[in-house]
Amino acid sequence: MASGQQVFDIPEDSLVVDLHLHSSASDGEYPPRRVMERAKSAGLSVVSLTDHDTVAGLGEARSEAKRLGLEFVNGIELSSVHGGHLVHVLGHFIRPEDPELGTQMKMYMESRRTRMGEMLERLRALSVPIDKEDFLREYGRASSIGRGHLSAYMVRKNLVSNREEVFGKYLGEGGPAYVELAMIAPDEAVRLIAGAGGAATLAHPNLSESDEIIPELVSAGLAGIEVEHPSQDEEARRHYLALAERYGLIPMGGSDCHGARPGPERIGQFRQPVRNYLGLRRRAKAAL
């Protein structure tokens with residue numbers, strides 16, 4: 001299996017799973033090794049690193065997870081777009097070396113660098129005194145450079161008060177410094193993940209506002225949907241649990257933790273039962 005051949009004997013009702021974590025390989029605060037350390041400290045036993053459009057952190061995370069005795073799952077969070085809305089698709093049990101997935105990640109890396117340059121120029125045109133060269137010295141080599149890096153930099157340099165101000169005034173979708181990333185369609189993201197031997201899960205669906213495409217994604221091979229997520233209240237959870245039951249999807253969830261920002265640390269929250277992890281593993285080609 002893609003995540004290793006550990007003996008797995010944790011009771012299925014144990015709430016020790018978080019398959020939605022980010023590191024500094026994309027827009028998280030901590031390096032992959034530190035994310036695994038914090039996962040262990042939080043009492044988790046089964047984890048996945050799901051950085052945006054990159055697998056650059058998986059090797060380091062997997063090595064540290066093995067040292068700590070954690071069950072580790074290869075992961076990614078692929079960006080896509082539908083009707084002007086961002087749609088994020090999680091992929092678990094993927095083969096990181098898959099050539100088609102690799103081609104798409106390379107395209108995203110190049111697009112993200114171009115996009116970042118444009119956003120920096122827009123901020124300067126808005127009279128935000130941002131030092132482009134200084135920012136790129138710090139983050140220019142990131143595998144998946146994005147708005148998270150830029151917002152963290154702006155907060156640290158006291159150009160804004162907090163992350164919410166960054167996105168509310170400048171970088172949110174439709175904001176004056178926002179530049180859209182050229183993205184694939186959600187069903188293509190699902191197929192790429194399946195082609196890489198993985199199981200695809202629709203991430204935080206309420207943020208996508210694209211419930212109408214769920215049947216299409218199911219036809220493309222969608223395996224799960226995030227029912228529990230920090231952005232989803234109890235009403236949303238009931239709604240997506242009903243959709244999971246209707247379409248035969250595994251009701252997943254996760255902390256989507258990026259570190260101590262943008263707010264209280266979330267790792268260890270939104271734990272999932274082992275049975276959901278096992279169900280997702282059964283749906284992944286790479287786990288056969």
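Which residues lie nearest the centre of the largest pocket? The views below take up this question and a few others. This is a predicted model, in which local features need pLDDT of at least 70, side-chain atom pairs count only at pLDDT 80 or more, and totals for chains, interfaces and linings use all residues. Residues are numbered from 1 along each chain as its sequence is written, and side-chain values use heavy atoms, leaving out hydrogens and water.

**View 1. The largest pocket holds about 850 Å³ of space.** Look for Asp27, His88, Arg147, Arg163 and Phe167, which lie nearest its centre among 34 lining residues. A pocket here is an open set of points on a 1 Å grid over the protein atoms alone, with protein on both sides within 12 Å along at least five of seven lines; lining residues have an atom within 4 Å of a point. Volume is the space filled by probe spheres set on the points, which are joined across faces, edges and corners.

**View 2. Strand 4 (85-92) gives the largest share of this pocket's lining, 4 residues.** Helix 3 (99-125) and helix 5 (147-156) are among the elements that each supply at least two. Helices (H or I, at least four residues) and strands (E, at least two) are DSSP runs, numbered from the N terminus.

**View 3. The largest cavity has a volume of about 30 Å³.** In a cavity, a 1.4 Å probe fits but cannot get out. Its lining includes Leu21, Tyr30, Arg38 and His258.

**View 4. Val47 meets residues from elsewhere in the sequence.** Beyond neighbours within four places, Val47 is in contact (heavy atoms within 4.5 Å) with Asp18, Met36 and Phe72, among others.
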